[in-house]
Amino acid sequence: MSHPSKPIDQADLVYGLEDRPPFGNALLSAITHLLAIFVPMITPALIVGRALELPVDMTAYLVSMAMVASGVGTWLQVNRFGPLGSGMLSIQSVNFSFVTVMIALGTSMKAEGLDAHAMISALLGVSFVGAFLVCFSAWLLPYLKKVITPTVSGVVVMLIGLSLVHVGITDFGGGFGAKADGSFGSFENLGLAGTVLLIVLFFNCMKNPLLRMSGIAVGLVIGYLIALFWGKVDFSSLNGLPLVTIPVPFKYGFAFDSHAFVVAGAIYLLSVFEAVGDLTATAMVSGQPIEGDEYTRRLRGGVLADGLVSVIATALGSLPLTTFAQNNGVIQMTGVASRHVGKYIAVILVLLGLFPVVGRIFTTIPAPVLGGAMVLMFGLITIAGVRILMTNGIRRRETIIAATSVGLGLGVAFEPEVFQQLPVLFQNSISAGGITAVVLNLLLPLDQTEKPVFLSDDLE
């Protein structure tokens with residue numbers, strides 16, 4: 001049985017790729033897309049800031065620059081300047097792949113005595129240099145596809161989600177602050193986090209696509225209001241804020257750590273193929289070809305933009321960016337594939353990022369409120385990895401690759417001392433699991449006589 005992926009027929013779209021919707025329709029579509037990405041976009045900076053115990057103003061700056069960089073990146077993607085950009089409604093946002101990596105690397109740097117400024121300088125420095133690997137990879141896509149298949153990409157995404165669950169459940173119980181004051185796992189924290197989770201689940205059961213998509217945002221707002229009523233929100237960080245946040249290149253200086261670069265570089269290369277999958281899905285739902293020269297140019301331009309945007313983002317003080325998959329669902333839901341809608345999204349994101357009160361307000365969200373939404377969000381990332389793994393069907397070979405890679409990756413996460421004698425690349429769960437998947441994918445023979453199992457197959 002074949003399982004081809006076909007582009008959506010142009011007749012199914014309200015506005016095609018090159019159509020220009022009226023202002024009102026375009027603005028409504030832009031806001032719909034923002035609802036899908038806004039929380040996932042600012043969450044990585046909040047997680048890293050909280051886990052590494054960064055100063056509030058530093059975390060707020062990371063959040064603000066994430067919005068500014070996402071706006072700049074989206075503008076480059078949708079406009080397609082020469083070979084740069086996909087020329088589709090490809091929205092840029094913070095790459096979740098780097099959250100656990102940043103936390104692991106930052107924690108080891110703190111253990112070596114680095115203060116917050118030196119640590120962030122080194123983390124953003126290696127991310128800045130590593131982003132050029134993505135730019136270079138854009139021209140090697142035809143060759144890299146043979147090395148890193150959906151099996152490898154699926155394993156990496158699964159490990160990202162599974163690794164982040166630990167961060168989410170820590171906030172679910174009250175966060176690191178609650179561990180320090182003895183309130184971790186209190187009924188108050190669990191009740192607040194559980195309420196947010198139930199609200200998100202309730203909205204995700206709605207038939208209306210817009211309500212389903214807004215579930216996380218609604219859950220966070222209601223949880224925040226409850227926390228406010230209970231007196232668990234601290235507004236002291238909002239005092240004395242400047243009116244505008246001015247992006248400052250290398251605000252915290254520039255430092256480079258070769259060991260950290262090896263890990264960050266591996267994650268960059270592995271995330272290229274997640275971007276390829278997202279861009280392919282965007283082409284499919286936009287009624288564009290998913291094979292041939294035009295498709296190849298779009299992929300190359302999209303990945304090239306991914307790399308350049310991460311260069312810009314890390315220089316400004318944001319975590320690396322990538323193309324977001326969530327927006328493909330919005331295109332399908334609304335029937336609006338016009339790349340011109342992306343221009344509205346880009347402008348709104350930049351404006352939001354320039355006003356520091358926006359970023360600083362997000363830092364006041366109590367840990368249990370954020371944890372209630374993150375547990376589900378990170379679980380969904382894991383499931384997304386499973387879906388990628390099943391893209392071309394799964395045989396016994398793919399099962400062995402996934403099981404071995406996830407087993408070793410999680411083993412590193414649970415017992416970091418296991419591979420202490422090996423290079424630093426194997427001391428991170430995601431890179432260790434990803435490299436294992438690449439090696440096994442190259443070494444294990446493919447049995448063409450075995451029928452693959454697809455998600456759409458009836459297994460009864």
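Student: What makes the largest cavity a cavity, and what is its volume?
Tutor: The largest cavity has a volume of about 60 Å³, which is the space filled by probe spheres set on grid points joined across faces, edges and corners. It is called a cavity because, on a 1 Å grid over the protein atoms alone, a 1.4 Å probe fits at its points but cannot get out. This is a predicted model, where local features need pLDDT of at least 70, side-chain atom pairs count only at pLDDT 80 or more, and totals for chains, interfaces and linings use all residues. Residues are numbered from 1 along each chain as its sequence is written, and side-chain values use heavy atoms, with hydrogens and water left out.

Student: Which residues line the largest cavity?
Tutor: Among them are S121, L124, F250, K251, Y252, T314 and G317; a lining residue has an atom within 4 Å of a point. Helices α4 (116–137) and α12 (293–316) each give two or more residues to this lining.

Student: How do the residues of that lining divide by type?
Tutor: There are six nonpolar, five polar and one charged. K251 is the charged one, because Lys counts as charged along with Asp, Glu and Arg. Ala, Val, Leu, Ile, Met, Phe, Trp, Tyr, Cys and Pro count as nonpolar, and the others, Gly among them, as polar.

Student: How do you know that the length of helix α8 fits a helix?
Tutor: The expected span is 1.5 Å times one less than the number of residues. The 18 residues of α8 (187–204) should therefore span 26 Å, and its end C-alpha atoms are 25 Å apart, which agrees. Helices here are DSSP runs of H or I with at least four residues, strands are E runs of at least two, and both are numbered from the N terminus.

Student: Why are R50 and D171 called a salt bridge?
Tutor: A salt bridge needs a side-chain nitrogen of Lys or Arg within 4 Å of a carboxyl oxygen of Asp or Glu. The closest N and O atoms of R50 and D171 are 3.8 Å apart, so the pair qualifies. R50 sits in helix α1 (23–51) and D171 in helix α6 (150–172), 121 residues apart.

Student: What partners does E294 have?
Tutor: E294 meets R80 at 3.1 Å, N to O, and R297 at 3.0 Å. R80 lies in the loop between α2 (56–79) and β1 (92–94) and E294 in α12, so this pair ties together parts 214 residues apart in sequence. R297 and E294, three residues apart in α12, are separated by about one helical turn.

Student: Which residues do salt bridges that share partners join into one network?
Tutor: R80, E294, R297 and R298. In accessibility, E294 at 24% and R297 at 45% are both partly exposed. The structure's salt bridges come to eight by this rule.

Note on methods. 1 Å grid on protein atoms, 1.4 Å probe; cavity = no way out; pocket = protein on both sides within 12 Å on 5 of 7 lines; lining within 4 Å. Buried < 20%, exposed > 50% of the residue type's maximum accessible area, 1.4 Å probe, protein only.
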